[in-house]
Amino acid sequence: MSSHAEKAAHNLALVREKRPLVHNITNYVVMQYTANALLALGASPVMAHAVEEMEAMASLADALVLNIGTLSGPWIEGMRAAGGVASRRGIPIVLDPVGAGATRFRTDTAVRLLDECRVTVLRGNASEVLAVARGAGGTRGVDAAHRVEDAIEAAGELAARRRMVVAATGAVDHVTDGSRTLRVLNGHPSMGLITGSGCTATAIVGAFCAVNTRALEATAAALAFFGIAGEHAARRSRLPGTFGTALIDLLHAIRPDHVADEARIEA
Amino acid sequence: MSSHAEKAAHNLALVREKRPLVHNITNYVVMQYTANALLALGASPVMAHAVEEMEAMASLADALVLNIGTLSGPWIEGMRAAGGVASRRGIPIVLDPVGAGATRFRTDTAVRLLDECRVTVLRGNASEVLAVARGAGGTRGVDAAHRVEDAIEAAGELAARRRMVVAATGAVDHVTDGSRTLRVLNGHPSMGLITGSGCTATAIVGAFCAVNTRALEATAAALAFFGIAGEHAARRSRLPGTFGTALIDLLHAIRPDHVADEARIEA
Amino acid sequence: MSSHAEKAAHNLALVREKRPLVHNITNYVVMQYTANALLALGASPVMAHAVEEMEAMASLADALVLNIGTLSGPWIEGMRAAGGVASRRGIPIVLDPVGAGATRFRTDTAVRLLDECRVTVLRGNASEVLAVARGAGGTRGVDAAHRVEDAIEAAGELAARRRMVVAATGAVDHVTDGSRTLRVLNGHPSMGLITGSGCTATAIVGAFCAVNTRALEATAAALAFFGIAGEHAARRSRLPGTFGTALIDLLHAIRPDHVADEARIEA
C-alpha cells in the first residue's frame with residue numbers, strides 16, 4: 001500500500017460522497033455505457049449537446065467531459081459552447097481526442113478545443129496523444145497503432161506547453177503534467193475487447209477531477225480505480241459480453257479499501 | 001390480488017397478444033435499452049426521428065413515445081411532426097420530459113409539445129413534473145432532486161388542466177388524471193442504478209396505452225409490471241451491470257399471473 | 001462437414017488474422033452492440049458519419065457498412081460521400097436497408113445508395129428486400145411481415161439487375177448473386193428477441209467481405225458464423241438480456257473448427 005494508493009482510495013470515497021454531476025458531450029457508441037459506468041461508480045451523469053442548452057447545462061456541472069468520437073459540426077459547436085462556460089467557471093474539462101490522427105477533421109477539432117478551452121486533462125491512446133502533440137499524423141482508425149512508450153516524450157512536451165495533464169493510456173498508463181509523471185500499472189487486456197473502455201476511463205477521470213483539484217493525482221487515481229475494476233471483472237469472465245457487464249458491476253462494488261490495497265501507481 | 005392487479009395482468013396479456021408498434025423519438029443514451037425492453041416485453045419498437053418520414057412512420061404506429069433527453073433542434077421538429085400526426089390519428093402519445101427544469105430549453109420544449117400535441121400521459125420524476133407544471137424551475141440535472149410526495153399536488157393540477165394522465169414516479173409512483181389517483185408500490189431501488197430506467201418505464205407505458213384506451217389504468221399497469229420485473233431482477237443481482245441485463249430478462253419472463261399476484265396498485 | 005463449411009471456417013480465420021477495419025455508418029440503436037460484435041469477432045470497427053471526414057475515414061477502411069435505421073438528411077450525405085470513396089477504392093460496401101418499405105424516405109434512400117454506389121452485398125429481411133426490389137411497398141415498421149420464402153425470386157432478380165449479392169435473411173437465409181444461391185440454415189429464434197441482430201449480421205458480412213472478394217461465399221460464411229454463435233448462445237440462455245450478452249461472448253469464443261463442424265450452408 002503506497003501513499004499514492006491511499007490518496008486514490010480517498011479520491012474514490014470523495015466521489016461517492018459528493019456524487020459530482022459530470023456533463024458529457026460524447027459519442028453515440030459509448031453514451032449508454034459511459035452513463036452506466038458513472039452511475040455505477042457513484043457519480044451523476046448528464047448527456048447533453050445542443051448549443052441551445054450548453055450555457056445552462058455546463059453551469060450545473062461539476063466537470064465537463066468532451067469526447068470527439070462520432071463527431072459532426074453541430075456537436076463541435078456544442079462542445080465549444082460548453083467548453084467556454086466550463087473554462088469561465090473553472091470546473092475541470094477532460095478531453096478525449098478519439099481518432100485524432102485518423103482524420104484531419106478530428107485532429108483539427110481536438111487542437112481547436114485545446115486552443116479555445118482551458119482543458120484540465122487530455123486522455124488518449126499513444127496514437128491520439130502523438131497526433132494531438134504534432135497537430136497532424138495518421139493512425140489506424142481509432143486503434144492504438146503506436147505503443148504507449150512511443151508517446152511518453154510527446155505527452156510530456158504537450159502537457160508542459162498546454163499547462164495541462166496528459167494521460168497516455170495503454171498496458172501501462174503514463175500520466176504527466178510535464179514535470180511530474182505517474183505510471184499506473186493496473187488494468188487488464190480484456191478491457192481492449194469492449195468498445196469504449198478508453199472513453200469510459202476518460203469519463204471516470206472527469207468524476208475524480210471534479211472532487212480533487214490536483215489533476216495529476218486525480219487522473220492517476222481514476223485510472224488505477226478503473227484498472228482495478230477491470231482486473232476483478234476479468235476474474236469473472238474473459239469473454240467480452242459478460243466481461244463488459246461485470247466491469248459495470250465492479251465499478252459499483254470496488255471500495256476505497258480495495259483501491260488502497262491494489263492500486264499500483266508509481267512516480 | 002386486487003381488481004387493479006387483475007386488470008394490470010390483463011393489460012400485459014393484451015400487449016403480448018397484439019404486439020403494438022411503438023414509435024419512439026427518444027434520447028441516444030437509452031435508445032438501445034428501450035428497444036430491447038419493448039422487444040422483451042412483447043411489443044414492437046421502432047426508432048425514427050427525421051421529419052421527412054414522421055408522417056409515414058407515425059401513421060403506422062399504435063403509440064408514440066416522445067423523450068426529450070439529448071434534445072436538439074432537428075429532433076424537436078421530428079417530435080412536433082410525429083406528435084401532430086399521432087394527435088390527428090388519436091393514438092396515445094406519452095411524453096417523458098427528461099431534465100425539464102434543468103435547462104429552459106428542455107422545460108420550454110416539454111411545454112410546447114404539450115401545447116401542440118394531444119398528450120395522453122406525461123411521465124417524469126418529481127422535479128420534472130414540477131418543472132412542467134410551473135413552466136420553469138431548476139433541478140439537479142436529470143436527477144430527482146425533489147421527493148415524489150412534493151409533486152403530487154402539482155401533478156393533479158397539471159393533469160386536470162391538460163386533460164391528461166400525469167405519472168410522477170419514485171419510490172412510490174403516483175398516477176393521476178386530476179380526479180382519480182392510483183398509487184403503484186412496485187419497484188426496487190436498484191432500478192436507480194441503471195441509466196434510462198425512467199425512460200424505459202415511459203416506453204412501456206406507451207405499449208400498454210396502445211392496447212388500453214383507459215390511460216390511467218394502463219399507466220398504472222405498465223408501472224406495476226415494470227416494478228415487478230425490477231423486484232425479480234434484484235433477486236438475481238444488486239450490482240448494476242448484471243441487474244440491467246436481468247431486468248431485460250424479466251421483462252420477457254414475467255407473466256400475467258405474476259402481475260395478478262404481485263401488482264401493488266392502490267386507489 | 002461440407003466444403004462450404006470448410007471455406008466458412010477459413011474465412012473466419014482470415015478475419016482474425018487480418019483484423020479488417022470496418023467503417024460503419026449505422027443507426028443509433030445498434031451502434032454500441034455492432035461495435036462490440038465486430039471487436040468480439042476480431043475485426044476493427046470504426047463509427048463515423050460526418051461528411052467532413054468521410055474521404056479520410058473511408059480511405060482507411062477495408063469495408064464500408066451502410067445502415068439506414070434512424071436515418072436523417074446529414075447522415076444520408078455522409079453515406080453518399082463514404083460510398084463514393086469506397087466505390088472508387090473498390091472496397092466492399094454492404095447495405096442494410098432497415099425499414100425500407102415502411103416509409104418512402106427509407107426506400108428511396110436505399111435505392112439512391114444502390115444507384116450511386118457500387119454495393120457489394122444488400123442484406124435485409126424479406127420485407128426490406130421486397131421493398132428495395134420493387135422500389136416501393138408497405139411493411140409493418142422494421143418487422144419482417146413477409147416470410148423469407150416470399151422474397152427469393154425478387155432477391156434473385158435484384159441481385160442480377162444490380163450485379164451484387166442479396167441476402168434475404170430469416171429462419172433460413174437465402175444468399176444469391178442472381179445465378180447461384182446458397183442457403184444458410186444456422187441461427188436461433190432467440191436472435192429475434194434482441195434489437196439489432198439483423199444489423200449485426202450486416203456488419204459481420206462487412207468484415208468477412210473485407211477478407212474474401214468472393215462476396216457470395218463470404219456472405220454465407222458470415223451468416224453461418226453468426227448463426228452458430230446464436231445457437232451456442234441460446235444454450236446458455238433463452239432470455240433476451242443474458243442471451244444478448246452471451247451472443248457477444250460467443251462471437252469471440254467460436255473458433256474456425258466450430259464453423260467447419262457446424263456450418264450448414266447448402267447450394
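## Relation of chains B and C

Copies are superposed by least squares on the C-alpha atoms of residues with pLDDT of at least 70 in both. The model is predicted. Chain C is superposed on chain B by a rotation of 120° with 0.0 Å of shift along the axis, and the RMSD is 0.0 Å. This is the relation of a three-fold axis. Among the residues of chain C, Tyr28(C) comes closest to the rotation axis, its C-alpha lying at 3.8 Å.

The copies meet through different surfaces, because only 12% of the interface residues of chain C are also interface residues in chain B.

## Packing of helices α6 and α7 in chain B

Two packed helices are described by the angle between their axes and the distance between the axes. In chain B, the axes of helix α6 (residues 126-134) and helix α7 (residues 152-162) come within 9 Å and cross at roughly 50°. α6(B) is therefore oblique to α7(B), and the crossing of the two is left-handed.

From α6(B), the contact involves Val129(B), Leu130(B), Val132(B) and Ala133(B); from α7(B), it involves Ala154(B), Ala155(B), Glu157(B) and Leu158(B). Seven of these contact residues are nonpolar, none is polar and one is charged.

## Surroundings of Ala203(B)

Ala203(B) belongs to helix α8 (residues 197-211) of chain B. Ala203(B) counts as buried because it has 29 C-beta neighbours inside 10 Å, the cut-off for a buried residue being 20 or more.

Leaving aside neighbours within four places in sequence, Ala203(B) is in contact with Val22(B), Asn24(B), Thr34(B), Ala37(B), Leu38(B) and Val65(B). Asn24(B) is 179 residues from Ala203(B) along the chain, yet their C-alpha atoms are separated by 7.6 Å.

Technical notes:
Residues are numbered from 1 along each chain as its sequence is written. Chains are lettered from A and ligands numbered from 1 in the order in which they are written. This is a predicted model: local features need pLDDT of at least 70, side-chain atom pairs count only at pLDDT 80 or more; totals for chains, interfaces and linings use all residues. Axes are lines fitted to C-alpha atoms, for helices over the stretch in contact, and angles run from 0 to 180 degrees between N-to-C directions. Helices (H or I, at least four residues) and strands (E, at least two) are DSSP runs, numbered from the N terminus. Angles under 35 degrees count as roughly parallel, over 145 as roughly antiparallel, 65 to 115 as roughly perpendicular and the rest as oblique. A crossing is left-handed if the near helix is turned anticlockwise from the far one by less than a right angle, and right-handed if clockwise. Two residues are in contact if their C-beta atoms, placed from the backbone, lie within 7 Å. Ala, Val, Leu, Ile, Met, Phe, Trp, Tyr, Cys and Pro count as nonpolar, Asp, Glu, Lys and Arg as charged, and the others, Gly among them, as polar. A residue is buried if 20 or more other C-beta atoms lie within 10 Å of its own, exposed if 12 or fewer, and partly exposed in between; C-beta atoms are placed from the backbone.
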